[in-house]
Amino acid sequence: MVQNKLDTACYHCGDTCSSKPIIAHGHNFCCEGCKMVYEILNSKGLCSYYDLNTNPGIAQKITVRADKFSFLDDAAIVQKLIDFTDAKQTNATLCLPQMHCSSCLWLLENSSRINVGIISCRVNFMKKEAFVVFNNDKTSFRKVVETFTSIGYEPHISLQNLNQTKPKFLNKQQLYKIGIAGFCFANIMMMSLPEYFAAGQLFDVQMAGIFRYVTVVLSLPVLLYCATDFFVLAWQGLRKKYLNIDAPIALAIAITFGRSMYEIFINNGGGYLDSMSGIVFFMLLGRLVQQRTYQSISFERDFTSFFPIAVNVQRDNGFISVPINELKIDDVIQVYDNEIVPADAILSKGKAAIDYSFVSGESLPVPKEVGEIVYAGGKQLGEKIELIVVKEVAQSYLTSLWNKDVFKQQKQQPTFIDAVSKYFTVVLLALSVFAATYWFLQGQPQLMWNALTTVLIVACPCALLLSATFTNGNILRILTRNKFYIRHPDVIEDLARVNHIVFDKTGTLTRNKEVRVSYTGYKLSTNEELVVASLLAQSNHPLSKAVLTYFNLNEHLPVAHFKNVVGKGIEGWINDKHIILGSASFVQYQGSNHYNAATLFIKIENNIAGHFSIVNSYRFGLKPLLQTLKSKFPVSIISGDNNAELQNLQGILGEDNEILFNQKPDDKLAYIQHLQSVKKENVLMIGDGLNDAGALKQSNVGVAITEGNNNFTPASDGILDATQFSRLPQFISFAKGSKKIIIASFILSLLYNVVGLYFALLGTLSPLVAAILMPISSVSIILITYGLSGLLAKKYEL
């Protein structure tokens, strides 16, 4: 039979309480930490926090030691972490990845009621950041951090914070350019309206001249400041002997401005400065739409964002907090429960159970004995340990993984727009010169100038570029809304070309920190459960800890004659009963020993009571996800874990698709290179840890799955929130559909260009009419692409 347990939910965090929950203030709590947070909020009159959402808190089962943030007493470190300080107050921006609901926002913005030194706290929910202003006389940066930690929002402070300046997500120069271009465009358009509708007959000649000179003045900042990006990018392309899409845009801007100056100062006309400023304004606005959708996500994080800033190091006067970049060989360091080992070191004291899932992909923690080496990047699970550093941080195994040559390479794949722009620009210039030459030879100078300028204006690639810019911008916005964050618009095209998908197993297909434990055998009595749990509590082995968590008992009995046989099992005497836990051979089980999961047998006295099966907990919707994907693409699974899950995965994926185990980071990288070079496939790689980072970078599209977009994520092309994992097929189909929208809008703009070019080549289309048609076509393309991408999102329920 199989046993399962259901218990009461914690009032603070919603986690399952034990059979004997902590009861206080009329509520159930799963641990003393959750109870303490409730009491803090209750004492400050902040219990409205619990009214906004059900069980909104963060589980507090991991106790934060008192001196964890002692390194924040170092003024040099604090100076690198804050935004501003003077004699009275300090401003700082803190990353709070635990933030998840409206209750979090309410509590954080009322944090001044908990720490009176906090003047204000403003939250940016999308970035999961809090901008804090505090009074230097009443509190300190350390106390502010400890305040947030005490209520469940421990700030993410890493070594990367010290090594780089904060990214400027808000490009003020770009906003200034858009604002100036929009202001000038609107005013030039307003002053040009009489010219459009009555050829200047609606007002006197003197006023017409004044208006024209004012439009010239307004056009100068647009040309000399707002449009500089187009000229710079066009020039960079020409220097590399490459005609990019910015070249004809820059040329159209220059020609339109030059022709306008001729019309205004020589031919006494109105010019087409509104068209020029409109080109610049719409182009800049479209590019801003793209950038704003992914500005809050950091794709370039490295191993330093995974590391703490400081670690306890032994000195003459005991252990003190020291920045990890000051660690030296032979330093003795302390690492506490759930903390990262910052450098390769030898265990000198304590019981170590190291979680290497981030580095190697191994899903179960690895027990370490005194004298064994522990590699940087592993997380200690359990008691405090002491280690002797054998390599500095810069020479550690983790650093060597990150410094692979693949991370120095840049992905470069030609986009649809780049491919079209090369031919479009050449053909456009050729047609313009041909038309001008033809009418010049015909002795028609007026038609020559009309043809030369109107061809460039009416066939300007703005509509084409806008179709891609605004389509990709809207696609990025929709994907971001669905918690799939894309690095750059070009990735959408790369995703549409994918024809092979590779998954990492540990942390990608499986849920981090979760295993599924089931018991098969005769039903254990309450006393037998207590006896077995008491013996398990003596072991530091990951399987023992998993089963002990399954029992969820707070009390244990004393164990006599405890014995641990490494690699086999444990045994001991409890209440005069001999208990043995371990492998089938260790308990002398004579039955079948073929299981699809790790097993732990129970022997009480001379009777085999049953066994526990410990398997990975796969993400919800995995089976239909893989079945959907394998019907469209070849699907592979590569893992650094052992092959205990082989039969389970083959049952879902089938035997036609590759499933590889015991793969080191270099093996994963080599496999991706094999698919690309030998099979000529476009690979989508989905992983989660540094052990996947090389493969993610090498693949055509690398997507990192994360439990929160502020968690550490390897360099990747996209970040997928774990809650959206089952919707991956929809995202891929959506990307493929977006390319069709760009092609459809391109065809539409091409038809517009063909019609316009026909009249432009004849010389019968005036620049004035061409200038009116250009913004109309651009706006129509924007509306069409937004409408089609919205319909596509509804189709895939995004």
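**Figure 1. Helices α9 and α10 cross with their axes within 8 Å.** The model is predicted. Helix α9 covers residues 228-239, and helix α10 covers residues 246-265. Their axes cross at roughly 130°. Angles over 145 degrees would count as roughly antiparallel, and 65 to 115 as roughly perpendicular. The pair α9 and α10 is therefore oblique. The crossing is left-handed.

**Figure 2. Residues that join α9 to α10.** From α9, the contact draws on Phe-230, Phe-231, Leu-233 and Ala-234. From α10 come Asp-246, Ala-247, Ile-249, Ala-250, Ile-253 and Ala-254. Sorted by class, the contact holds 9 nonpolar residues and 1 charged residue. No polar residues take part.

Figure 3. Helix α5 spans residues 141-150. Of its 10 residues, 7 are buried, so the helix is largely enclosed by the rest of the structure. The buried set is Phe-141, Arg-142, Val-144, Val-145, Thr-147, Phe-148 and Thr-149. Just after α5 comes Gly-152. Gly-152 has a positive phi of about 100°.

**Figure 4. Ser-745 in helix α23.** Helix α23 runs over residues 728-762 and contains Ser-745. The relative accessible area of Ser-745 is 2%. Buried means under 20%, so Ser-745 is buried. Thr-785 lies 40 residues away from Ser-745 along the chain. Their C-alpha atoms are separated by 6.9 Å.

**Figure 5. Asn-575 in the loop between β20 and β21.** Strand β20 covers 569-574, and strand β21 covers 577-582. Asn-575 sits in the loop between them. Beyond its neighbours within four places in sequence, Asn-575 is in contact with Asn-527 and Leu-557. Leu-557 is 18 residues from Asn-575 along the chain. The C-alpha atoms of Asn-575 and Leu-557 are 8.3 Å apart.

**Figure 6. The protein chain as a whole, for orientation.** The chain has 798 residues, and 54% of them count as buried. It contains 24 helices and 28 strands. Take the contacts with a separation of 6 or more: 69% of them join residues 24 or more positions apart. The accessible surface of the chain is about 35,900 Å². Carbon and sulfur atoms account for 56% of that surface.

Definitions and conventions. Residues are numbered from 1 along each chain as its sequence is written. This is a predicted model: local features need pLDDT of at least 70, side-chain atom pairs count only at pLDDT 80 or more; totals for chains, interfaces and linings use all residues. Side-chain values use heavy atoms; hydrogens and water are left out. Helices (H or I, at least four residues) and strands (E, at least two) are DSSP runs, numbered from the N terminus. Buried means under 20% relative accessible area, exposed over 50%, partly exposed in between (1.4 Å probe, protein chains only). Contact means heavy atoms within 4.5 Å. Accessible areas come from the Shrake-Rupley method with a 1.4 Å probe; for residues, only the protein chains shown count as cover. Axes are lines fitted to C-alpha atoms, for helices over the stretch in contact, and angles run from 0 to 180 degrees between N-to-C directions. Angles under 35 degrees count as roughly parallel, over 145 as roughly antiparallel, 65 to 115 as roughly perpendicular and the rest as oblique. A crossing is left-handed if the near helix is turned anticlockwise from the far one by less than a right angle, and right-handed if clockwise. Ala, Val, Leu, Ile, Met, Phe, Trp, Tyr, Cys and Pro count as nonpolar, Asp, Glu, Lys and Arg as charged, and the others, Gly among them, as polar.
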